Amino acid sequence: MERNSSLWKNLIDEHPVCTTWKQEAEGAIYHLASILFVVGFMGGSGFFGLLYVFSLLGLGFLCSAVWAWVDVCAADIYSWNFVLFVICFMQFVHIAYQVRSITFSREFQLLYSSLFQPLGTSLPVFRTIALSSEVVTLEKEHCYAMQGKTSIDKLSLLVSGRIRVTVDGEFLHYIFPFQFLDSPEWDSLRPTEEGIFQVTLTAETDCRYVSWRRKKLYLLFAQHRYISRLFSVLIGSDIADKLYALNDRVYTGKTYHYDIRLPNFYQMSSPKIRKSPLTEHFRNSRRYCDK
């Protein structure tokens, strides 16, 4: 205890106090270094935020080292600032290499630029998503899923081509690039439940889609909450787009448009009207959630 108090006394009490202050300001290099420090510490998070921070901090330490060598002529101040500059430079090179090394195939590049990048998803996060998936080719007139036969064990996103959706042989709608193939089926099941498709999905042209296995994707959601929220937004938006696109295909017997968002109005219509397979498809899909 006495040793600590004596150290404090040497640092504070017996240290010479500044009696006179320099009248002239330090050189421009010193003030430039201070400005770079202030701006550098305003950087954001993520890989590009780190690049911003380390680049400006490195320049700030370099300016401080030059100031210490030219104006102050202090070897210790120069040495510390130069060492810190080297550390920032090495960090910048390391992070830049990590960002540069993230490369994708053409399908994933299109998927990222069209769907994930507008939502602010960083390349490292998208790489995690891409590594958990596979790119599959579906030839023309081949089925992705068959009504009442194919189990719901994956989630797929169309990259190129066009998919036709039918139920009992009746056309419902098309699935276009950057839309999910099976978002209603995915949303209708809990993680522990199993189900089968209530519709048939057939390729009208040669198609390419990205697919995630159901169990593997749920494991990814458990490890990364951001990815879970991201897919929740994408799937919800995709289902809403499908509902709005199908709204014009449903009519009542008096040729009035029926708004699919108002099921009570539909049930009040004439009992002679045959229910649309579209309505039956989404009704059956939602039954899994009500169990």
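These questions and answers cover salt bridges, a helix and a sheet in a predicted model.

The model is predicted, so local features need pLDDT of at least 70, side-chain atom pairs count only at pLDDT 80 or more, and totals for chains, interfaces and linings use all residues. Residues are numbered from 1 along each chain as its sequence is written, and side-chain values use heavy atoms, with hydrogens and water left out.

Q: How many salt bridges are there?
A: A salt bridge is a side-chain nitrogen of Lys or Arg within 4 Å of a carboxyl oxygen of Asp or Glu. By this rule the count is 7.

Q: Which residue forms a salt bridge with Glu 107?
A: The closest N and O atoms of the pair are 2.9 Å apart. Helices (H or I, at least four residues) and strands (E, at least two) are DSSP runs, numbered from the N terminus. Glu 107 lies in helix α5 (residues 106-116) and its partner in strand β7 (residues 207-213), so the bridge ties together parts 101 residues apart in sequence. The partner is Arg 208.

Q: Is Glu 107 buried or exposed?
A: Buried means under 20% relative accessible area, exposed over 50%, and partly exposed in between (1.4 Å probe, protein chains only). Glu 107 has 13% relative accessibility, so Glu 107 counts as buried.

Q: Where does Asp 153, the salt-bridge partner of Arg 213, lie?
A: The closest N and O atoms of Arg 213 and Asp 153 are 3.3 Å apart. The pair links distant parts of the chain, 60 residues apart. Arg 213 is in strand β7, and Asp 153 is in the loop between β2 (143-145) and β3 (154-160).

Q: What separates Asp 238 and Lys 242 in helix α9?
A: Their side chains meet in a salt bridge of 2.4 Å, N to O. Asp 238 is buried, and so is Lys 242. The two are 4 residues apart in α9 (residues 225-246), so they are separated by about one helical turn.

Q: What span does helix α4 reach from its first C-alpha to its last?
A: Helix α4 (residues 75-100) has 26 residues.

How values were computed. The expected span of a helix is 1.5 Å times one less than its number of residues.
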